[in-house]
Amino acid sequence: MRRVYLSVAGVLFILWLGMFSWVVKAMKPEFLSLVSAPPPSHPMIPEEFTTLVHAPGIHFSIYHTLPGDTFLSVAQKYGLMETTLRSLNQANDNTQPKLNSLLFIPSKDGIFHMLRPGQGLADIARAYDISLKEVLRANRKRDDADLQPGEVLYLPGGAYLSKQDVKWISLASLETQKGFLKPTTGRFADGFGQRLHPITGKMAFHEGLDLAPGWRARVVASQDGQVIFAGIRAGFGRLIILDHGGGLTSWYAHLDEISVKFQQWVKRGSLIGKVGKTGRVTGPHLHFEVRLNGKPQNPLLYLVQ
């Protein structure tokens with residue numbers, strides 16, 4: 001008799017498992033999402049996103065939003081803070097995710113920031129109240145020369161900034177409202193950052209970009225502005241400096257010819273001079289700088305072409 005009971009119990013258990021499986025499959029995804037954190041709907045992250053995030057030790061997945069989802073509820077499903085998801089998904093305001101939208105989910109907490117033109121590492125560290133050294137370490141950066149517009153930086157321990165925060169507004173104000181034009185044609189002969197100086201043979205910081213289109217090639221204003229210098233300066237040779245407002249200036253050096261005058265207003269793309277080899281050079285080229293409050297910035301963060 002005991003064996004009969006055990007056999008009946010076994011059959012009932014198998015039937016119960018089958019019914020439970022059927023019920024689970026028939027349930028809507030909303031119910032399942034309440035049971036546990038759902039696996040990523042699309043484990044493959046778009047390549048354009050992964051190339052913009054270089055934080056070592058962090059992995060990303062994608063979540064498809066369901067009815068009733070909020071940034072807080074999704075964050076709780078993955079054991080994360082709401083501010084982590086908001087900063088990574090560029091939603092540092094009071095909005096909530098739309099139905100069937102995609103959210104990027106990081107493998108650990110922290111604040112993220114998408115780099116905009118005109119923003120440097122020191123500016124970002126200051127705004128988020130984190131040391132510059134920590135920003136460099138967390139993102140495997142050496143200096144601003146390693147930055148690319150649209151890149152996502154990981155800021156462990158950084159303060160969350162809403163769009164109403166004065167620090168966010170200050171950081172956003174650094175972004176140029178209209179991109180800079182490449183001031184001349186030709187290849188980039190030398191970049192921004194540390195390099196072996198072609199004349200001294202020693203390592204030195206190069207504060208701009210060198211473009212080599214050939215002697216007397218056209219040089220145009222990269223952005224609307226006023227001429228605040230047009231003459232000769234030691235090392236730069238014939239030099240033009242344009243003031244674009246907000247502490248932003250552009251420098252055009254080693255010119256053969258200057259076609260503008262002091263205090264003249266120029267339009268973006270208008271002719272201002274010709275490429276030369278004046279000043280301290282080894283051959284004809286244009287040395288181009290962008291400075292913010294007198295501090296050299298990486299011009300590639302400003303150029304739109």
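Which side chains meet in a salt bridge at 3.4 Å, N to O? In this predicted model, the partners are glutamate 207 and arginine 291.

## Charged pairs

Side chains of opposite charge can pair when their charged atoms come close. The structure holds 12 salt bridges, and three of them are set out here.

| Salt bridge | N to O distance |
|---|---|
| Lysine 77 and aspartate 69 | 3.2 Å |
| Glutamate 207 and arginine 291 | 3.4 Å |
| Aspartate 256 and arginine 216 | 2.6 Å |

Back to the opening pair, glutamate 207 and arginine 291. These two link distant parts of the chain, for they sit 84 residues apart. You can find glutamate 207 in the loop between β7 (203–206) and β8 (209–212), while arginine 291 belongs to strand β15 (residues 286–292). Is arginine 291 buried or exposed? Its relative accessibility is 12%, so arginine 291 counts as buried. Glutamate 207 has a relative accessible area of 31% and is therefore partly exposed.

Now turn to aspartate 256 and arginine 216, whose closest N and O atoms are 2.6 Å apart. Aspartate 256 is partly exposed, at 23% relative accessible area. Arginine 216 counts as partly exposed as well, at 31%.

Some salt bridges share partners, and in this way Glu82, Arg86, Asp93 and Lys163 are joined into one network. As for lysine 77 and aspartate 69, which meet at 3.2 Å, both residues are buried.

## A space inside

Rolling a probe the size of a water molecule over the atoms shows where empty space is left. Here the count comes to 1 cavity of 30 Å³ or more, and the largest cavity has a volume of about 80 Å³.

Which element gives the largest share of the lining of this cavity? That is β3, with 4 residues. Both α5 (82–88) and β3 (111–114) supply at least two lining residues each. Among the residues around the cavity are Ile111, Phe112, His113 and Met114, along with Tyr128, Tyr160 and Trp168. By type, the lining divides into 7 nonpolar, 4 polar and 1 charged.

Notes:
Residues numbered from 1 in each chain as written. Predicted model: local features only at pLDDT ≥ 70, side-chain atom pairs only at ≥ 80, totals over all residues. Heavy atoms only, no water. Salt bridge = Lys/Arg side-chain N within 4 Å of Asp/Glu carboxyl O. Buried < 20%, exposed > 50% of the residue type's maximum accessible area, 1.4 Å probe, protein only. 1 Å grid on protein atoms, 1.4 Å probe; cavity = no way out; pocket = protein on both sides within 12 Å on 5 of 7 lines; lining within 4 Å. Points joined across faces, edges and corners; volume = space filled by probe spheres on them. Nonpolar A, V, L, I, M, F, W, Y, C, P; charged D, E, K, R; others polar.
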